[in-house]
Each structure stands twice: as structure tokens, then as C-alpha cells.
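Have it open beside you as you read.

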Amino acid sequence: MSNHKQNKVFDSSIFRTAIKQSFIKLSPRTTFRNPVMFTVWIGTLIMMAVCVWIAAGEAAQGSLAYNIIVTVVLFLTLLFANFAEAVAEARGKAQADSLRKTREETPAKWIQAVGEVFVDEIKTVPSSQLKKGDVFLCEPADVIPMDGEIIQGLATIDESAITGESAPVIREAGGDKSSVTGGTKVLSGRIKVRVTTKPGESFLDKMIALVEGASRQKTPNEIALTILLASFTLVFIIVCVTLKPFADYANTPITVAAFISLFVCLIPTTIGGLLSAIGIAGMDRALRANVITKSGKAVETAGDLDTLLLDKTGTITIGNRKATHFHLVQGVSKEAFIKAAVLSSFGDETPEGKSIIELGGINPLSYQAVNPHFIQFNAETRCSGIDFESTRIRKGAADAIRNIVEKSGHRFPAEADAYVKQIAENGGTPLVVSENGKVSGVIELQDIIKPGIQERFDRLRRMGVKTVMVTGDNPLTAKYIAQKAGVDDFIAEAKPEDKMNYIRTEQQSGKLVAMMGDGTNDAPALAQADVGVAMNSGTQAAKEAGNMVDLDNDPTKLIEIVEIGKQLLMTRGTLTTFSIANDVAKYFAIVPALFIASLPSLRGMNIMRLHSPESAILSAVIFNAIIIPLLIPLALKGVAYKPIGASALLRLNLLIYGLGGILVPFIGIKLIDLVISTWF
Amino acid sequence: MNTEIPGVVIMFAATVLLALPLGRYIGKVYLGNRTWADAIFNPIERVIFKIAGIKPTAEMNWKQHLAALLTVNFVWFLFSMFVLMNMGWLPLNPDRNPSISADLAFNTTVSFVSNTNLQHYSGESGVSYLGQMVLMLFQFISAGAGMAACAVVFMAMREKATHQLGNFYNFFVKSCTRVLLPLSIMVALILLFNGTPMSFKGKAQFISLQGDTVNVSRGPAAAMVAIKQLGTNGGGFFGANSAHPLENPSYFTNMVENMSIILIPIAMVFALGFILKRSRFAWMVFGVMTLGFVWLLVPTIYQELAGNKAIATMGIAQPLGSMEGKELRFGSAASSFWAITTTCTSNGSVNAMHDSLTPLSGMFAMLGMMINSFYGGVGVGFLNFYIFIIIAVFISGLMVGRTPEFLGRKIEAKEMKIAAVIALLHPLLILAGTALSSYLYAHNPAFSAGWLNNPGNHGFSEMLYEYTSSSANNGSGFEGLGDNTPFWNISCGIVMLLSRFLPILGPVAIAGLLANKKYTPETAGTLKTDTGTFGIMVFAVIFIVAALSFFPALSLGPIAEYFGMK
């Protein structure tokens, strides 16, 4: 995506806010939300008390300096965990703020409804005073003050402030492109807009609240993981508490500092400290991809998607069909047919019409048609064309032209029939041209499949995601394009309820379905889908129904959303594995240190050859603390997803984070021990 | 080349070969498929169901299954308490053994209802034949109850499972009549022909060459020995259990008994594969269990064959390995194999003195019980393993970028909560029990006088072993512990009770909850649970969660003892 707003992981202002926040988050009410870190918090308090106790004369608990260092390291562990969360929050907020800044306090031309008879009065007020349901006016060069829906008029709008895309877009009253976003700029046209959201309740505001934590709720998966981590914590509480009577039996005094250190090292502080940062970073990554999510759960669900419903136009094919070939009927010269084709498209403003002229390569003005009368396409005749002098040229679908031809007493040539069939089979759209009731040839229109789309679908297939193309084309054309683009299934001649039905059937067989839509008639399907992404240009109804809004209006965004969801879950899983695997080394560092004084024979267990019991315990807690900030960048960026199949991915991650999680602390603790062995 | 090793290899290989067809057969029994045994058992079961008023086709949900399980267990509990406390005057008591005290009766009843068979009494002098037969009945029904609970989980794991999970009484009765009973008869006959007594007569008397009068205890032993092994009960007829020459007369009976110990636990895994139609998954489970089993077995055999260091320092050669507390007719390798099979499977019968194992072998025996799912007890072994699978699925599901699902059903907070509690329970009971006794021993010497035969690290191992054995529903003793006191009887009784029923309730509840959820078909992005990679993940979870929690305790016991011997 061209418009990803990149900022560095540690921007200096983010850094400052985060440091401040990490102290504020020490309040017990905040810490209590995270059971793992809450126990560290209690451990720190106990160690502070122990330090005071030693200062007051207790001699059996080790030196004061050693105890103070343990206390400080534990305190740092807490701060690092808070810092991780604060950085993620600050980054998300900065991102959201930069989006919000554009729309603050812009002057709005508020239309005061005076009455039916009198002309409405227009007053300029700050945008913050607009209420839901108010109507405002926008003219060229105005910045749109609030999100709203156009109720009158048409305008071209520069949405680059939001999407980063510089090409202007057209928005008009009625239909599916009636939505405007605050902060975007009107380039031409005059529109009346009705405000659709209360101040402070736009999607962006909701998103910011979600990131800031006030309304952030743990997602179901986060809750389940927290339960697992809490149970690990409980196991280690049991291990540490029962160690006291064991030591009594063995006549081995163990210091409070050693108990607390063993406990803090064993509980999964690494993942416990980074868990909420990972969740926030997931939403933040979505925002960076210009997708506003309405809940953290939606991002998580995205990682599980089994089926994607994609509109053909704009997603799989480039916008519109293009004329690619002229097929001649016997008895008509090439020049004559091209002339007929080009002239028939003279008054045709559609992209298809323009592409026919382009393919003909002749300026229609050069034919000097006198007094031309253009016939516009309409749903009844289903053809368009041109009349001049005695010439009547028509262009349209095969059966429409057949009608005309047969009415004027001619025969529809079998040859043309064959072309029509052949074109349709190849996924093209045939347009038949007739001149004065006689068929002169067939124009072939083809969909242009986006370059690189096959690879993306292939990637999705390897992720286990099924792609479904939704198109209004007939089944034959749809099948051809589906095959060529590499989608797994298609819905041809799709009506809005077809999408809905397809989603329902997929869901009944237990699958999670995502779709993207913009129109009001998409709203029920968007609501039904597990992940419904509404385009920002879409109607308010569509945006309300979906659980994500894509600011770029880019239909391929779904693919990115799936990867963001998977990254989020993977980051949680890999860091949990890493955190738990760390315990192996920590056991081998601390357990011998606990007993070595009274059971010298246990020296054999000190496989890392750590310098002394004190240095061993300190090295373990220091390693435990500094691993948190070291992993913050990974937590924020997320573990990269590779579509190599679940088993291969598990093997890879198990190797990196499982085996790595076992080996890294052995090395880390030994290195720290080498450094601090001078003092302890 | 040591000739003892091939004996061990043959025992293991033969068991697996027998377990394969047996597993298919058990699978068919639970699915209600036709088997060769229908002609014999259908009429018998029809009578049982009719007398008991059971409709074997009435489907139950997981809650009804658990209610049925707890009800029948409670009734048996009362029945057994009554018999044990009154057997002095009840019939079938030729040796005039007295009734036993309330705390010992409580311990014994709990221990047999819970499939533990921790015997704080000595069989030949402590219980009458009626008592023995009641206990033998429990050896059937506790094993059958465990298998039935496991069958419920199997049913719930199927692709098309709903809340209707079969009939508990049906599974239970068929486990007894169609699996345990025929196998027990076969094993009992083999033992009978090799010298194990089967009689209701009192002690036999003879006058030895020295002229002393010798009383030899006997009784209906062959039947009880068969079911104690097959049902992973372990409670012997005689106090010395399978080290007793009448309970286990020769190397051949030793092979038969030892294979009986692990036969059904392994067969249950293959039954799972048959019922789910996922034999790859069953092989993954079998692979992880075997990996763990071998990890404990190989160093144990090595340690025992290498002999005892303390004896070696005295300059005594040990060509047969460490033979203290072992029977000459079995040798150290076969005794090591037995020690690891009996502890891994929650069986608890012994053919050698575990107190005399070299320190690290003692630790591996304890680890087998601490993990308690490398094959595990009949039925319940897989239930314990199931909890580890759930935890492994949860973590590795996340690692491949999906919210975790197991066999097509999503694992969420509720299932995780249950799995977490069950995973916690085992270390809690073992460590808290040992902590309590250590505390009393250290701070209240008068109360705990006579508990420990050995001071120091070995004494600690004795206490740790006792609670581990209770919590694993194993029932073997390290011995050397004065355990027939109210403190040990009651505390071990409570541990056995909790550690029997909660680990059955948990997996059945999880499986029932999952079965109620929507089934999601597999895609390329779904975590496959039948691969070696996932197997390694499960093994790692077991190692880090179950084994490492005991690391500090073990370092004070066997590890310290091992390093101390250098």
C-alpha cells in the first residue's frame, strides 16, 4: 500500500509519553487487570519490606545491597511491562490523532432551517458545534467538517488526507457513494450534507477510545490465554510456597529474595508483560493499513477467516471491461465495421464505449456524421447507437440486436451467433453492431484481470482461505474469469440476497466468512458476515453494519486484514511459548543456588557454572526483566506470517521460539553472570 | 550383550502387537459394532441391564454421565466401608482376620474406589477373603468406570458428536463384561497353571527340614492378581505384592503380569484411533506416550544394571546390577521395566522394593506418576493426556495464527479454565501433601516419630513418593514409611479422592462442552494434531508444565541423594 504511514517504533514524543504512562500504570487498579504482573507487583512490595527489615538489623536475609538490587530489578520488570503497553497505546493514539487532527475545528456552513417559504439561512459555525442530524453546505475548496451523508448535489472530493490517494473521487446524493468523511476537501460541486454521527462518536473516535484502554475489553482469546497464564502463575505459587517446608525439612534456610526471585522468574512475565501491547499493536497495524476496526475481536476473527467474498469489479479485475477485438461478419469490410463500431460509441460516455473508440484507433469526428442523433442506452431497448442521415447504427447485447435485425426482416447470421458464443465462453462480453437492421460485426469486450492477483489468491489458498468471486456476469463469463484469476468459487448473476445466502450456507458448515461492501443493500450481508468491511465511501448503513471500515476503499484490503489477524494471534502464541520455554534455564540457574549452601553435593546441578548463589539469582531476574523491553519491537511489529501451511509454520515457530526460548536464557544468564560476578 | 535387555524388548513389543487388535475390539465394543463376543455377552448383559433397570440405548449428555459416575461410586463407597469394618464376624474368614479401624477402612475404600490400591494394610493378615473379594470387585468396577469415562470423551471427540454421548451404564457394564472379564480369566488361568493359588481354604501348614512349623497364606489369589494388573489397580493379594512367590512365581508369569499392566492403557489409544477414524492421531498420541515412557525407562534400566555406587565403593562386584530389594528370578532389567510400567500406568503393583531403587531410578518412577499420562491408568491415562493436548492445542493453535481449535471445535475461556484447574491439581496435591508432612516432621518431631526409616534426602523421597502415588492413583509405596497412622490414612485418602474424580470430571466436561460447539471443517490453515511436530509440542508441554514443577522437590530428594553418593 502506498499510503502506510510509517513511524518508527520509538519516536521521541511517544517515548516520553510512554515513560510517564508506565509509572501511572503502577496503580494497583490497573495492575490488577493483569494477574501475572500483579503477582510481580506484590513481590516487589514484599522485597521493599524485606529491605527495610534488613536495614533494621535482620542478618539472615543476605546483604542489603543484594536485596535492594533484587527489589530494583523487580520494579524494573513492572515498569518494562507497563512501558510496553504504554508504547503500543501511544503509537496507536498518535496514528489516530494524525487522522483526527485534519477534522478538528474546521468552519462549517451550517444550514439553519427557517421554514418552507423562506430561504434557509447559512451560518458559519465551528465543526464541534454540529449535532447529529444537522445539515451543512460544502462548496469548492471547503474542508468537510464532519462525517455525513450527501442529501443533495454531487461533488468531486480529494480524500488524500485520509487515504493518501491523490486521485479525486466522485460522491453524490442517493446511491451507494453518498458518504463523505470529515477532513476531506471538496474540489468541485456543491453539496448539502447531513451529519450522521454525534460529535465524539465517529468511528475514528471509537477506535481511539479502544486503543486508549478506557473501553478496551479483552477479547475472548485474550481471556483464555490470561486464564492459562494465571494457572501457570498459580502452579509456580504452589511450587514456591511448598518449597519453604521442604527447606525446613532439609535444614536449608532460603532467603525471601531467593523465593521471590524464583517465583518471578518462573511465572510467564514475558508474555504477561507484553500481552496487552500485542493486542493494541494489532489494532494499530490495522489502522496503519487504513482500516478502522470497531473491536479488537474483529481483528482476531480476521485471522480465522475461511472464506472471503470478493467483488469482481475493482478487486479481481481492473474497474471496467475493455474492447479487445473486432469480429467481422462476411460481406462487411473491416473499415466499414470499424466505422460502425466507432460511430455507435460516439455518444457513449461509458468506459466500455471509450475503449471501443480506442481500439478502433480513429477519431469519430473524422467520419463527419451530419446532424447526429445519439441513442442512449436504456434498460428497455438494451442498446445504444447513433442516427444520422439515413444511417441507423445500433450496438448492444446479442438478443437485443437480434430483435432489431429480425424486425427489419433480415436474418441474424449464424456466423455472428458463433462469435457471440465463443466470446462468452472465453469470459468476454459480446456486443453486436447492426447497421440499418443488418449485422455488421461483433465487438469483444474483455475483463482485465489485475496483475499479481493470482499470486495473492494462491497465497490465500495456502493460508487455508477460500476465495469467492461475486459478479453480476452470467455464469459462463464468471466461470472463465474465476478460473483465470484463480478464485476457488464464484457467485454469478449475483443479487444482494445471493451474497447473504452464500454467507449463511458457509457459516452453517462452521466457516468464518468475510466480505466487503459499500451499498445499503450490502448492509444485511455485512452484518451477517463474521468480518464485514465497509468502504468508507459507502453508505452510512453499510458502515454501521460492518465491523471494520476501510478508509482506502480498496477491495483487496481483506487480504491484508487476514494477515494482520493471523500476525496478532501468532505473536501471542510464539511469545507464550518463548516465555514458558525460558523456565528450563531459569530452573537450572536458581534451584541449585537455593540449596547449594546446605547441600554442597548439588553443585553438580549448576550446569551453567554460575559464580555464586547470589550472582545466579541476580542473573536470572535481570535476564527476566530485560527480555521484556528487548521483545517490545517484536510485540509491536508482530511475528511475520508465512503461508507455508499450518504444520510447517508450527515447526518453524517451535524451532525459533521454542528451542530458542530454551537456549537464549542459558546464554543470557551466563553472560550476565560473567559481568556481575565481579561484585557478587 | 546383556540377556536381560531382550526380555524387556520382547515384553514391550509383544504388548504393542496385542494392543493393536485389542484396541480395535474395544473401539467396536463402545461403538456398539458387531463382534464375535456378541453371542456370549448379549444374553448376560441383557440380564444385568434388566435387573438394574438400565436402558442401554438412552443417550446421556456429559452432565448426566458425570452424575451417573458419581452416584455409583458413592454407593460402592458406603458398601465397602461397611464390609471392611465388619468383616471380622462376616463369613469367608478362615484365618480369623479382624475388622479394620475406621481411618484405615476409609483409606482402603477410597484407595480401591479410586483405582489407586494404596495398601496401608498387609493382604494376608489384614483382610478376610470376603474383604479381598469386595476389593477385587472394586478392581473391576473402578477400572470399568475409568474406561467408561474415557469412552464418553472418545464419543465426544468424534466429528459428528452432539450433546448426546451414549449411555454411561452401557459403557461401564461392557467395559467390565467384554474387556476386563475375558482378559482377566485368561491371565488368571495362566497364573493358576504356573502356581498362583486359587482357594478359599485357610493357611497351609508344613514342617520345614529344620523342624519349624511354617504357615503359608493362600486364598483366591490368581483371580485378583489378574485384574489388579489388567485394571491398573495394583492392589496385591499378599502384602509383598508381585514380589511374593505365590503372586508372581516365575520369570514367565512376570512377563505375563507386566504385559497385562500396560496392555489396556495402550489398547485404549488404538481404540481412540478406531472410534475417531483417525489412526494417525492415535499413533501421534502413542508416539508421545512411548517417547516419554522410553525417556523414563532407558536411564532406569541403565542405573539399575550399573549397580549401587555405595556398594561399589565397598569393593563388592555387582554383576547382576543393583539387586537390593529385587527378586533374583526377575533380575534388575525386568524389575526396572516393571517399576517404570507400574508407575507410568498408575498401576502400582510392584515386583521389587522401590525404596531400594538407586536414587535416579526412584526419581524416574516418581516422574512417571507425576506425569501420569504416559499410557496412564486404564481410561484415565488418556483423560490426563487429553488435558495436556488441550493446553498444547491452545498454544500451538495461536502459533499458526488461528484461534485454537481441536478436532474442529474452538477452545475458549471456559474449556481453558477447566483444563488449567486440572493441570494445577496434580502438582498442588502432591506438593501440598508433602509440604504438610515435611512441616510436621521438621516442627513436630513427637507427632511424626516413627514415620521415616531413613533420615535426610531419602526420607524426603519416601514422603514425596507416598503423596505422588496417592495423587497419581498409583498405589505403589516407596515403603520405609510408617504409613498406617490416622494422619497418613486420612491425608492420602483425601488426596486420592480429589485426584481421582476431578481429573475425570474435567476432561469429560471439556469434551462435552466442545462437542456442543459448531464443527469447523479443516482447511490448509488449520493446525493438524496428528503430526510429529504437534507431538513434540505436547511432549514439551508435559515436560515443562508437569515435570518441571516438581524439579525443586526432586532436587531435595533423589537428585540430592544421587549427587551425595559420589
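How many residues of chain B are in contact with chain A, and with how many residues there? Before the answer, some housekeeping. This is a predicted model, where local features need pLDDT of at least 70, side-chain atom pairs count only at pLDDT 80 or more, and totals for chains, interfaces and linings use all residues. Residues are numbered from 1 along each chain as its sequence is written, with chains lettered from A and ligands numbered from 1 in the order in which they are written.

1. The count is 57 residues of chain B against 60 of chain A, contact meaning C-beta atoms, placed from the backbone, within 7 Å. Helices 14 (380-399), 15 (413-443), 18 (532-547) and 19 (551-564) of chain B each put at least two residues into chain B's side; helices here are DSSP runs of H or I, at least four residues, numbered from the N terminus. Helix 15 of chain B gives the largest share, 16 residues. By type, chain B's side has 37 nonpolar, 14 polar and six charged residues, with Gly counted as polar and Tyr, Cys and Pro among the nonpolar.

2. Helix 15 of chain B also meets helix 16 (residues 456-471) of chain B: their axes come within 9 Å and cross at roughly 145 degrees. Those axes are lines fitted to C-alpha atoms over the stretch in contact, with angles from 0 to 180 degrees between N-to-C directions. Among the residues meeting here are Gly433(B) and Ser437(B) from helix 15 and Leu464(B) and Tyr467(B) from helix 16. The contact divides into six nonpolar, seven polar and no charged residues.

3. Helix 10 (residues 279-306) of chain B checks out on length: its 28 residues should span 40 Å at 1.5 Å a residue, and the end C-alpha atoms are 39 Å apart, which agrees. The expected span is 1.5 Å times one less than the number of residues. Just after helix 10, Gly307(B) has a positive phi of about 90 degrees.

Definitions and conventions. Two residues are in contact if their C-beta atoms, placed from the backbone, lie within 7 Å.
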